Amino acid sequence: MTTLRVIVDQTVAPVPGGIGRYAEELTRELIATAPAGCDVAGIVSATTPADLAHLRMLLPGLVELERLALPRRELSLAWEAGFGKHASKGMVHSPSVLGPLVKHNRFMEPGHQTVITVHDVVPWTHPKTLTARGVHFHKAMVKRAWKHADAVVVPTHAVAAQLNEIHRFDERLRVIGGAPSGRLRVPVDADVRAERLGLPERYVLAIGTLEPRKGLQYLIEAMAHPDAPADIPLVIGGPDGWGDVDVVGTAERAGLAPGRVKVLGRVDDADLAVAYSRASVFVFPSLAEGFGLPVIEAMSLGTPVIHSDAPAVREVASDAAVMVETSPLESYPERLAHAIFQVTSDSTLAEQLTFAGPDRARMFDWRDSANEVWQLHADL
């Protein structure tokens, strides 16, 4: 039996974010699509028994869940320093840059291979939107990957091109994207959930971890702009991140009335599907992304989408959404305001986007992604 050992630690991180969802969805499909004679095991840091139980519930087909000796922070420091020999044994796949990247030779040690995933190049292109520690860790792990990874997965061709300018991975790069979650379905009690969430009849929706890179401050300023529709509020969903993104304070400074913005916080998949499906428009103002999963999630539910001109998001959305240029940043809110007014006031355009979005979203499927990962390891 051949076992693919997947690093699933990000799934139970304090703020899992998009990478946590990616790790969960990909691992679930890796289990479901395992070829004959193959199975999947999980590797996690010295996390809590509750987290272990949660992982087993999320990923019931794991043949093993290996709990390492070090907690998450200490494990990342150890692997950054190259102390990952034990965990690197066998066929290892990491859905993030956190991986046991040590010197090895897969030709001399058959079955020993390490693949990691680089989701974006934000530490190089927009370092000020991350923590200093995050920038240092990401750069250090990508450098270790350049030295020791057998292959590197990236979510888009845009990231592949950018990453190759930083380190020449060339033929070691493999583009494998994400997809909407299979659990993102509008539930039968949608009306009850909408009432509990306090969703208005019409609203602009933004979803994402509350952190500087996501550009929410520009969207809030856009909603306060005279060119934005004055009768449609902004609803923001997503967990707290870092950087003290103060939605209420930003709204006050922008002159946006308190009743014009509502923060949902972290929501489960059923509530998220309701929020997406009932929005007049979904806006993704992020300054830098490696994929932009919320864009595809919104499209899959038929919601018109407006997004920034971040290269990876342009690639993912294609021509099924309205793109807004971020530069110059000083006038970015004004351009967002114009786009929001256009989509919410032009029923023909909104209807076109409602039909184009699901067609585009169907291009992305977790089962396809999992099969491509299995093929990658087979090729190695």
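By class, the lining of the second largest pocket has 8 nonpolar, 3 polar and 7 charged residues. Here nonpolar covers Ala, Val, Leu, Ile, Met, Phe, Trp, Tyr, Cys and Pro, charged covers Asp, Glu, Lys and Arg, and polar covers the others, Gly among them. The model is predicted, so local features need pLDDT of at least 70 and side-chain atom pairs count only at pLDDT 80 or more, while totals for chains, interfaces and linings use all residues. Residues are numbered from 1 along each chain as its sequence is written, and side-chain values use heavy atoms, with hydrogens and water left out.

Back to the pocket. A pocket is an open set of points on a 1 Å grid over the protein atoms alone, where a 1.4 Å probe fits, with protein on both sides within 12 Å along at least five of seven lines; lining residues have an atom within 4 Å of a point. The second largest pocket has 18 lining residues, and those nearest its centre are Pro180, Ser181, Gly182, Arg185 and Asp365. Two helices, α1 (17–32) and α14 (347–361), each give at least two residues to this lining. Helices and strands are DSSP runs numbered from the N terminus (H or I, at least four residues, for a helix; E, at least two, for a strand). Which helix supplies the largest share of the lining? That is α1, with 3 residues.

Stay on α1 for a moment, as Glu29 is found in this helix. Is Glu29 buried or exposed? Glu29 counts as buried because its relative accessibility is 17%; buried means under 20% relative accessible area, exposed over 50%, partly exposed in between (1.4 Å probe, protein chains only). Leaving aside neighbours within four places in sequence, Glu29 is in contact (heavy atoms within 4.5 Å) with Trp366, Arg367 and Ala370.

Next, strand β5, residues 113–117. All 5 of its 5 residues are buried, so the strand is largely enclosed by the rest of the structure. Gln113, Val115 and Thr117 point one way from β5, and Thr114 and Ile116 point the other way. What pairs with β5? Two strands pair if DSSP finds at least two bridges between them. Strand β4 (residues 91–93) runs parallel to β5 and is joined to it by 3 bridges, with Met91 opposite Gln113. Strand β6 (residues 151–154) also pairs with β5 in the parallel sense, over 3 bridges. There, Val152 in β6 is the bridge partner of Ile116.

Now the nonpolar cores. A core is a set of buried Ala, Val, Leu, Ile, Met, Phe, Trp, Tyr and Cys residues joined through side-chain atoms within 4.5 Å. The largest has 59 residues, and those touching the most other members are Leu30, Leu199, Leu205, Tyr276, Phe282, Val295 and Met299. Apart from that core lies another, of 30 residues, including Val204, Ala206, Val322 and Leu353. Among the contacts of Tyr276, beyond four places in sequence, are Leu184, Leu205, Phe282, Glu297 and Thr303.

Val283 lies in strand β11 (residues 281–284). With a relative accessibility of 1%, Val283 counts as buried. Beyond its neighbours within four places in sequence, Val283 contacts Val204, Leu205, Ala206, Leu219, Ile306, Leu336 and Ile340. Val283 and Asp51 are 232 residues apart along the chain, and their C-alpha atoms are separated by 33 Å.

Helix α9, residues 247–254, has buried residues too: Val247, Gly249, Thr250 and Ala251. Their cover includes α8 (216–224), β9 (234–237) and β10 (261–265). After α9 comes Gly255, with a positive phi near 85°.

That leads to the backbone torsions. Most residues other than glycine have a negative phi, and most peptide bonds are trans. Which residues other than glycine have a positive phi here? One of them is Asp170, at about 50°. Asp170 sits in the loop between α6 (157–166) and β7 (173–175), and is partly exposed, with a relative accessible area of 34%. Another is Ser318, with phi near 55°. Ser318 is placed in the loop between α12 (311–317) and β13, and at 39% relative accessibility counts as partly exposed.

Last, where is there a cis peptide bond? One joins Ser327 and Pro328, with omega about -5°. Pro328 is in the loop between β13 (322–324) and α13 (332–345).
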